[in-house]
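Welcome! Let's get to know this structure through a few questions and answers.

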Amino acid sequence: MKEKAQQNVAEKEERAQAKKRGAVPSASKAKKARKEAAEPAPRPLTHEEEVLGKAAPLLDWKIRKKRLIKDLKPGIFCTSHLIDVTGEGQFVLRVSRPDATDMRNLVGFKRDSEYAFANTFGRNSLSPPTDHHLKETDTFIMKWLEGFTVWNEEKVRENYRIVVQFVKKIHQLPLTDISTSVNLVPFNPFECCEQCLQACKNQQIALPDNIDDLFVVLKKWCNLLVAAPSPSDSKYCLCHNELSGKKLLFKPIKDGHIIKCVDFECASLGDKYYDLANLSRLNQFTDDDDVLLLKWYFDKFDDKQMVRMQLLKAVADLVEAMRIFALTKFVADPEKVKAQEEKQAAKEKKAEPTEAEANQPEEEEEEDDVGATLPDALYDRVLHCYSEFESKACSEEFSAYLEKGLMGKT
């Protein structure tokens, strides 16, 4: 008995020494480990729980019952979701993609600036109220507008007068309305193209063979615009810069329509002619439509206004194309990426021909398919925008038209 007691004491001492050395877990740690092992793995969050969790930092909604109504069409940088909050109404959550910050940095967008413009437009009844930017989850929360519909490009052209009046309201907003936390630097479309070109080269993204030649023309146009006398009405103002029919919401009323706009990723301080140029090109205005647009906006029309807008209309096409090119690796279609990798692997394998193949006539090497990994919609869009700019940049007639119109040369 005495021997057993001595053995127990020795074992306790040995165990105590082992604990000090960390060789044996303490009883509490061992118990905790057994408990954790016995507990089932946490249940994965449902899609609805993930979406609603993005609004969790908003303390006002902590005790409110929330539900996801539906997912809205996603954008390049964000997903959008319509939710209902008991006692508050319906809201849209715009949630950034995990890699959205890197994407925005590539093309010159800033999330804080986007929120400042959304908030400013909302306070001036030009867009849905956007009251919250939850930085913890990089989520915007804006009020859902009942009774509003989206128009297509044809509807915008047919109702250009009320659309132009709406754009004038945007351009008349005082610069002091924007948050002082935002550094209002005027947007320069020429510099944006250069930034995106460099981003493409850094990522080794395939670009059209004539890209450098077109950028020489772009530089000439930039110098031409700088050298030309500035119109008296070309002071910088707040601009949306992406007013396609899909970004405009309309609600019929007795005397006409109420208009609101959404999506402020491209919004900036800038040249009103550039904003008008985007309104025109994104809604497929013809030259005759542009004349009416300028007459209605300025209450007059002259050729220099038209020439300035036509130049910026062409440049805006290149801006959009270069932004898509720069984002290729972020928005690529996984299946197309896989196909491209297999194609490349086959190409490398073929690089070591057998003796029989070496004696065969050489086949022409296939060129890299520019934008081959982009989703179909973006692929079609980037080719359209690039070809629109290309056709004008390669036209001596268009260049002569710009010189004559801006500089008065004959």
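A polar contact is a pair of N or O atoms within 3.5 Å; within protein, one must be able to donate a hydrogen and the other to accept it, and residues adjacent in sequence count only if both atoms are side-chain atoms. This is a predicted model, where local features need pLDDT of at least 70 and side-chain atom pairs count only at pLDDT 80 or more, while totals for chains, interfaces and linings use all residues. Residues are numbered from 1 along each chain as its sequence is written, and side-chain values use heavy atoms, leaving out hydrogens and water.

Q: Which backbone oxygen lies 3.4 Å from a polar atom of the Lys313 side chain?
A: Lys313 sits in helix α12 (helices are DSSP runs of H or I, at least four residues, numbered from the N terminus). Contact means heavy atoms within 4.5 Å, and beyond its neighbours within four places in sequence, Lys313 has contacts including Ala277, Ser280 and Asp290. The backbone oxygen at 3.4 Å belongs to Phe285.

Q: Is Lys313 buried or exposed?
A: Buried means under 20% relative accessible area, exposed over 50%, and partly exposed in between (1.4 Å probe, protein chains only). Lys313 has a relative accessible area of 7%, so this residue is buried.

Q: How many of the 24 residues of α12 are buried?
A: Helix α12 covers residues 303-326. This helix is mostly covered, and its buried residues number 22.

Methods:
Helices (H or I, at least four residues) and strands (E, at least two) are DSSP runs, numbered from the N terminus.
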